[in-house]
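Open the model in your viewer and keep the selection panel to hand. This tour goes stop by stop, with something to pick at each one.

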Amino acid sequence: MGILDMKFFSFIGFKQKPKARWKKFYNKRHMVIDVPNQSLYEYLKERSLRYKNKDAIEYFGTKIKYDELFKKIDITAAAFQSQGIRKGDVVTILSANTPEALYCIYALNKIGAVANVIHPLSAENEIKEALQRYSTVCLVALDITYEKIKNILSETEVYKTIIISAKDSMNPFMKIGYEVTQGYKVEKPKSSESFVYWKDFYKHGEKYDTGKYEANVKKDTPAIILHSGGTSGKPKGIVLSNGNFVAATIQSKLALPDLDKKDIILAIMPIFHGFGLSVSITDAFACGAKVVLIPTFKASEFDKLLTKHKPTVIVGVPTLFEALTTNERMKDVSLSQLKYVIAGGDTLSKTRVQNINNFLHDHGAKTNLTQGFGMTEAVAAITFDLKSASRPGSVGIPWPGTYVQIVDVVTGDEVKPGEDGEICICGPTVMLGYYNNEKETNEALRIHKDGNVWLHSGDIGCMDEDGYVYYKQRLKRMIVTSGYNVYPSQIEEVLEQHPAVVDSSVIGIPHPYKVEVAKAYIALEKGYKDTPELREELIELCKKNLAAYSIPKEFEFRKSLPKTMLGKVDFRKLQQENIEKRAEEKYGK
């Protein structure tokens, strides 16, 4: 079944207008978002005409203006057509933040194909499963991933792999430096029927006659697949429409009215993350701002990035802002130019928020850290701590045109202000559904008594009388490390592949910068002991099957693990034991 043949949810308006306790903070035009019936590519290109002589992207010394950006996107679209890519085909993009990856995303959108964007640090088996799951016919891969993909492509439907490199858009001097220091280490394929390098691929687009091909892309046409995990931790593809992304850009402009063509956005958040692709890049292009693409973020070089580029907007996860405040070389760096400092991916405690704000003010910034609550299933942002509507401890009020309800976990009825319940979302940014996963889609998208389809977040929170939302905890068992979702059951499944492991349980433990990391409790089969060799084997097994950020940072071996009355491993008891143990270490018995 092709993606265009699947049955998806489509937002066509509200059956009954939900209550909006927060509406006093907006005017009428903020409460309803009118999404044009066109592709994301068309929406952005129309706006780019106003900024055609402005810089759209800066990347390692190379500056790309808006008119050049869309010329490159158009040629890339023709290049994909020359390789047989048509409307509804899924093309997987395995890349960090590079110009070529962006050209591909918007080019595929132009011709009605679907960009499936995944983490370049994904494990070999994760990549293979993703290619198989989404019936990928073409792969755009960063050259550093070749070692992982070379042995798996024969087991997929991929007939063409386009190899891109971090150096492709660098200026000549940077290219030489990259090749001397890093490029020579990378194993690369030979050009063939199966593999084509970016330069040659792009030439195909320059020569190809697209004829009268019309993609007929509408707002409900699938545009991009991003990724999350299911209730079981199994990966699931979040299918987002053109209208979802366009609505998000409209919301962003209304919620961030000071964002304009004079702004410089530091795009540190990755393109395979909804927050990164939408807020850092697509929203920036919609208002003519300049995007400084950063493919690999190094906390130790944060001061250099800020001094060199002088960004007016920084978008990141808590880890990034912890790095900002702990970088010793930030002492004399001025942040007076900052308009917005936006944190997403996870929540920060009041103390951490205050520490970051103090740091910003000490360095001349006239703005505060802005927190929000979001989900990839709704593109990115859902609530936002607006300058005009800020309250300590809150993740803000719903974005323009988005509605939030707090409902009873059992009955599904809306609870009273101040009462805890599940956070649910309704509006034009809510996903089409999960790719080929009707069960998970029906779990997440449910019709409430008002007749509207609501996205169930799996998170617990409350809302006060004025519409401020307060995030409390995750309803589902999940760890968030540096803004990335980590699923314990997925790690446990990998660990239990080892013959020495009879039982395992993974929990999240505090980390000073990453917020949480995974810790694995393991019970061994008879005859096995905790040895350095065994630990190394388990780590190697995890490296083979899990993304780097999912690999446990701590292992604890026990004779047996605590069980519930139903015989399941009692991970909650392990969580409590870990909390008590750390409290003893910190404060003594």
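Predicted model: local features only at pLDDT ≥ 70, side-chain atom pairs only at ≥ 80, totals over all residues.

Which residues does Thr383 touch, not counting those up to four places away in sequence? Thr383 touches Gly372, Phe373, Val395, Gly396, Ile397, Pro398, Trp399, Val404 and Val469. Thr383 has 0% relative accessibility, so it counts as buried. Its place is in strand β15, residues 381–384. Now draw a distance from its side chain to the backbone oxygen of Val395: the value is 2.8 Å.

**The nine-stranded sheet**

Stay with β15 and show its sheet. This is an open sheet of 9 strands with mixed pairing. Trace the order: β2-β1-β11-β10-β12-β13-β14-β15-β16. The edge strands are β2 (62–65) and β16 (397–398), each pairing on one side only.

Move along to β10 (residues 264–267) and β11 (residues 290–293). These two strands pair in the parallel sense, over 4 bridges. Select Ala267 of this pair: opposite it, in β11, stands Leu293.

**The main core**

Next, select Leu69, Phe80, Tyr106 and Phe285. They belong to the largest nonpolar core, which has 123 residues, and they touch the most other members. Color helix α4, residues 99–110. It gives the most to this core, with 8 residues.

Zoom in on Leu69. Leaving aside neighbours within four places in sequence, Leu69 is in contact with Ala56, Ile57, Ile64, Tyr103 and Phe285.

There is also a second, separate core, of 25 residues. To find it, select Leu306, Leu320, Leu348 and Ala365, which are among its members.

**Helix α3**

Go to helix α3, residues 66–82. It has 17 residues. From first C-alpha to last it reaches 24 Å, close to the 24 Å expected at 1.5 Å a residue.

Which residues of α3 are buried? Select Tyr66, Leu69, Phe70, Ile73, Thr76, Ala77, Ala78, Ala79, Phe80 and Gln81. As background, an α-helix has 3.6 residues a turn, so residues three or four places apart point the same way.

Pick Ala78, which is found in this helix, α3. Its relative accessible area is 5%, so Ala78 is buried. Ala78 touches Gly205, Tyr208 and Thr210, not counting residues up to four places away in sequence.

Then step past the end of the helix. Gly84 follows α3, and its phi is positive, near 90 degrees.

**An enclosed strand**

Select strand β4, residues 114–118. Of its 5 residues, 5 are buried, so the strand is largely enclosed by the rest of the structure. Check each face in turn. Val114, Asn116 and Ile118 are buried on one side, and Ala115 and Val117 are buried on the other. In a regular strand the side chains alternate between the two faces of the sheet.

β3 and β4 pair in the parallel sense over 5 bridges. Now bring back α4. Together, β3, α4 and β4 make a right-handed β-α-β unit.

Most residues other than glycine have a negative phi. The next two selections depart from that.

Select Asn216, in the loop between α8 (198–207) and β8 (222–229). Asn216 has a positive phi of about 55 degrees, although it is not a glycine.

Then select Lys310, in the loop between α11 (302–309) and β12 (313–316). Its phi is also positive, at about 45 degrees, and Lys310 is not a glycine. Is Lys310 buried or partly exposed? Its relative accessibility is 49%, so Lys310 counts as partly exposed.

**Last stop: Phe555**

Finish at Phe555, in strand β27, residues 554–558. Phe555 has a relative accessible area of 13%, so it is buried. Show its surroundings: not counting residues up to four places away in sequence, Phe555 touches Leu495, Ala520, Ile522, Arg535, Leu538 and Ile539. Then draw a line to Ile264. Phe555 and Ile264 are 291 residues apart along the chain, and their C-alpha atoms are separated by 43 Å.

Terms used
Residues numbered from 1 in each chain as written. Heavy atoms only, no water. Core = buried A, V, L, I, M, F, W, Y, C linked by side-chain atoms within 4.5 Å. Buried < 20%, exposed > 50% of the residue type's maximum accessible area, 1.4 Å probe, protein only. Contact = heavy atoms within 4.5 Å. Pairing = 2+ DSSP bridges. Right-handed = clockwise from strand over helix to strand, strands pointing away. Polar contact = N/O pair within 3.5 Å; in protein donor to acceptor, adjacent residues only side chain to side chain. Expected span 1.5 Å × (residues − 1).
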